[in-house]
Structures are given as C-alpha cells and as structure tokens.
Amino acid sequence: KEKKDEKAMNHMMEDLDTNKDGEVSFDEYVGLITEAKQSSRVSETLSMGNATSQKDWEGDKGED
C-alpha cells in the first residue's frame, strides 16, 4: 500500500508543480487551496439543492 500512496503523492506533486521546477511554490500552493475552496462551495451548493439545474448553477445568460 505504501508504494501506491507514494505514487499518488508523486502524481499530486506533479500536478501542483505548474512550472515544473521540482518544488511547490507558495503561489502554486495558494492555487491548490483556492481550487479546493471553490470545489467545496460547489459541493455545498449542490448538496443543499440551491442549484436545481445547470442553468441555475451557471446563471441566466440570456441564451434561450
């Protein structure tokens, strides 16, 4: 199992390291936190039933 966890961690680090310098910078870390927070808000909104359709979620763009 440890090899599987190590592989998953390496993959995650590769995704975070957007400039491919072998390190996760502060800006890259902030991007992760921002994305996680937005994802959490989407999940909360959908689970509360506030967005009943794709149109509700995206907002009415006047395209009918």
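Reader: Which helix has the lowest mean pLDDT, and which the highest?
Author: In this predicted model, helix α3, residues 54-58, has the lowest mean pLDDT among the elements of the chain, at 55. Helix α1, residues 2-16, has the highest, at 88.

Reader: And what does the chain average?
Author: The average pLDDT of the chain is 79, and 75% of the residues score at least 70.

Reader: How many helices and strands are there?
Author: The chain has three helices and zero strands. Along the sequence, the pattern reads α-α-α.

Reader: What does UniProt place at residues 4-39?
Author: An unreviewed UniProt entry places the feature "domain: EF-hand" there. In the model, residues 4-39 are 75% helix and 0% strand.

Reader: New topic: how much of the chain counts as buried?
Author: Of the 64 residues, 6% count as buried. The chain exposes about 5900 Å², and carbon and sulfur atoms supply 51% of that area.

Reader: Let us look at Asp17. Where does it lie?
Author: Asp17 lies in the loop between α1 and α2, the latter being residues 26-48.

Reader: Is Asp17 buried or exposed, and which side chain of opposite charge is nearest?
Author: Asp17 is buried, and the nearest side chain of opposite charge is that of Lys20, 5.9 Å away. Asp17 has no salt bridge, because a salt bridge requires a side-chain nitrogen of Lys or Arg within 4 Å of a carboxyl oxygen of Asp or Glu.

Reader: What lies 3.1 Å from a polar atom of the Asp17 side chain?
Author: That is the backbone nitrogen of Asp21.

Reader: What about Lys20: buried or exposed?
Author: Lys20 has a relative accessibility of 59%, so it counts as exposed. Lys20 lies in the loop between α1 and α2. Its phi is near 55°, a positive value in a residue other than glycine.

Reader: Which other buried residue has Lys20 as its nearest side chain of opposite charge?
Author: Glu28 does, at 7.6 Å; Glu28 is buried and has no salt bridge. Glu28 lies in helix α2.

Reader: Which backbone nitrogen lies 2.9 Å from a polar atom of the Glu28 side chain?
Author: The backbone nitrogen of Thr18 lies at that distance.

Reader: Last one: where is Leu32 found, and why does it count as partly exposed?
Author: Leu32 is found in helix α2. Its relative accessibility is 33%, and therefore it counts as partly exposed, since that class runs between the 20% limit for buried and the 50% limit for exposed.

Reader: How far is the C-alpha atom of Leu32 from that of Leu16?
Author: The C-alpha atoms of Leu32 and Leu16 are separated by 7.2 Å, while the two residues stand 16 residues apart along the chain.

How values were computed
Residues numbered from 1 in each chain as written. Predicted model: local features only at pLDDT ≥ 70, side-chain atom pairs only at ≥ 80, totals over all residues. Heavy atoms only, no water. Helix = DSSP H or I, 4+ residues; strand = E, 2+ residues; numbered from the N terminus. Buried < 20%, exposed > 50% of the residue type's maximum accessible area, 1.4 Å probe, protein only. Areas by Shrake-Rupley, 256 points an atom, 1.4 Å probe, with all protein chains shown as cover. UniProt positions renumbered as here; feature names shortened; annotations may be inferred. pLDDT = per-residue confidence, 0-100. Lys, Arg positive; Asp, Glu negative; His and termini not counted. Polar contact = N/O pair within 3.5 Å; in protein donor to acceptor, adjacent residues only side chain to side chain.
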